[in-house]
Amino acid sequence: MADKFFIFSIFAAFALSLSPFVFSRELSLDTDSHSSVLDVSGSIRKTLDVLSHKSSVSKPSDQRDEKTTSFSPTSLASSFSLELHPRELLHGGSHEDYRALMLSRLARDSARVKAINTKLQLAVSGTDKSDLVPMDTEILHPQDFSTPVTSGTSQGSGEYFLRVGIGQPSKTFYMVIDTGSDVNWLQCKPCDDCYQQVDPIFDPASSSSFSRLGCQTPQCRNLDVFACRNDSCLYQVSYGDGSYTVGDFATETVSFGNSGSVDKVAIGCGHDNEGLFVGAAGLIGLGGGPLSLTSQIKASSFSYCLVNRDSVDSSTLEFNSAKPSDSVTAPIFKNSKVDTFYYVGITGMSVGGEKLAIPASIFEVDGSGKGGIIVDCGTAVTRLQTQAYNALRDTFVKLTKDLPSTSGFALFDTCYNLSSRTSVRVPTVAFLFDGGKSLPLPPSNYLIPVDSAGTFCLAFAPTTASLSIIGNVQQQGTRVTYDLANSQVSFSSHQC
């Protein structure tokens with residue numbers, strides 16, 4: 001695609017940091033408060049199983065028109081849920097071995113983290129859109145833009161999918177979910193350039209509810225990047241892995257299975273799309289900005305439980321449902337510089353029951369908008385500021401002297417050769433909150449296989465950026481509830 005568009009960038013991206021959440025008793029052998037048992041053989045078996053998976057979600061030969069009950073955003077108050085699928089289940093196996101699959105995942109993850117940090121850096125530095133240089137595509141040209149755009153200001157391409165209905169009559173599509181994104185979009189006919197997806201490409205001409213937005217509408221003005229053509233709003237979103245989408249910004253009816261539908265949801269209709277969305281028709285933004293689906297339908301809460309990415313299982317994304325009674329709860333808050341991300345209030349971390357010597361300020365947002373830690377379903381591996389990561393790693397290594405170490409892998413610097421073991425006891429990693437609350441992680445959420453030969457690595461990574469991120473590897477198996485009405489996030493294990 002290099003000959004198709006040209007990108008100017010004006011910034012240097014930062015490495016990002018993220019850190020995990022999830023707790024459970026692990027279907028492992030037994031646990032105590034300071035250590036847990038990792039099922040080595042079970043984890044290795046999953047690495048073999050995922051390679052044999054073909055895409056096992058339905059690939060409809062046609063899409064039946066569906067009639068749904070329509071709601072206004074203010075009346076869609078009842079709880080409802082949608083089925084979630086991990087990326088590999090939709091995409092099917094295409095890698096030579098699990099090592100290659102992991103390298104691919106980690107490369108995507110690094111690009112996403114870079115993009116999140118860039119978005120934050122542009123916000124905290126006070127960069128004006130007029131200072132950015134536009135990206136040229138066949139659909140949009142620099143002269144079309146009322147405010148210029150930069151490539152790479154993004155939130156990533158996501159790892160989990162759901163199925164929603166678009167248009168009237170409703171046709172269903174697999175869509176990426178992303179708590180680090182606000183703009184909803186899907187591929188549309190006519191396609192100047194579209195990547196391969198599972199479902200037929202959406203044709204706006206077949207929908208009676210499709211309506212283009214004007215350039216002066218609030219929805220258009222809320223876009224980070226927009227252009228005007230014949231008073232119609234055009235959007236552009238670029239992602240850190242090189243993916244992008246460009247097209248008409250419109251309103252459309254979005255349907256949620258048998259739970260009803262919402263009219264006039266702002267959504268991008270992409271005619272020029274490129275990237276690693278792996279079969280999905282587009283993306284559903286669950287971030288905190290005004291254009292996200294959660295904001296537009298005025299959801300009081302939403303929650304998800306992310307299954308292990310190497311499994312064939314699925315779970316649910318739920319709206320307006322109560323948190324589980326056994327949840328560990330912490331405050332969430334917005335950064336005044338950028339409203340997309342969900343920051344969580346934590347006070348520290350522990351390994352093997354030992355509280356780490358990490359300054360509380362590392363997890364706090366300062367007056368300039370730097371620092372803090374966010375929860376993100378699209379980032380995989382937790383990043384921590386280098387000081388926090390070193391404290392975690394050094395304590396973990398100290399408490400695992402009985403395990404045979406081996407060389408690092410990609411962004412992981414702490415790995416073990418467990419090929420001769422069926423299970424191992426490892427120190428428990430936990431997040432700490434105000435009031436003495438803690439969230440211990442199951443060992444499979446922080447000591448993960450990187451091949452099928454028994455190499456396991458500590459699934460955290462350091463960052464020189466100020467931001468830390470709680471990624472989906474650490475969230476696997478946990479119901480994560482975002483209580484938007486009360487500014488709280490809750491974690492509960494075994495709720496998939």
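Tutor: What follows goes from the overall fold to one proline and then to the disulfides.

Student: Before that, what are we looking at?
Tutor: This is a predicted model, in which local features need pLDDT of at least 70, side-chain atom pairs count only at pLDDT 80 or more, and totals for chains, interfaces and linings use all residues. Residues are numbered from 1 along each chain as its sequence is written, and side-chain values use heavy atoms, with hydrogens and water left out.

Student: How many helices and strands are in the protein?
Tutor: The protein has seven helices and 31 strands. These are DSSP runs, numbered from the N terminus: helices are H or I with at least four residues, strands are E with at least two.

Student: What share of the residues is buried?
Tutor: Of the 496 residues, 59% are buried. Buried means under 20% relative accessible area, exposed over 50%, and partly exposed in between (1.4 Å probe, protein chains only).

Student: And the contacts, what fraction comes from residues 24 or more positions apart?
Tutor: Such pairs make up 76% of the contacts with a separation of 6 or more. Contact means heavy atoms within 4.5 Å.

Student: Now Pro427. Where is it found?
Tutor: Pro427 is in strand S23, residues 423-427. Its relative accessibility is 5%, so Pro427 counts as buried.

Student: Which residues is Pro427 in contact with, leaving aside neighbours within four places in sequence?
Tutor: Among them are His34, Ser35, Val351, Phe396 and Tyr446. The C-alpha atom of Ser33, 394 residues apart from Pro427 along the chain, is 9.2 Å from that of Pro427.

Student: Switching topic: how many disulfides does a search of the whole structure find?
Tutor: Five. The criterion is a pair of cysteine sulfur atoms within 2.5 Å.

Student: Take Cys188 and Cys269. How far apart are their sulfur atoms?
Tutor: They are 2.0 Å apart. The S-S torsion is about -125°, so this disulfide is left-handed. Cys188 lies in the loop between strands S6 (185-187) and S7 (211-212) and Cys269 in strand S11 (residues 261-274), so the pair ties together parts 81 residues apart in sequence. Both Cys188 and Cys269 are buried.

Student: And Cys220 with Cys233, left-handed or right-handed?
Tutor: Right-handed, with 85° about the S-S bond. Cys220 is in helix H4 (residues 218-221) and Cys233 in strand S9 (residues 232-238), 13 residues apart. The sulfur atoms of Cys220 and Cys233 are 2.1 Å apart.

Student: What about Cys191, which residue does a disulfide join it to?
Tutor: Cys194, at an S to S distance of 1.6 Å. Cys191 has 32% relative accessibility, so it counts as partly exposed.
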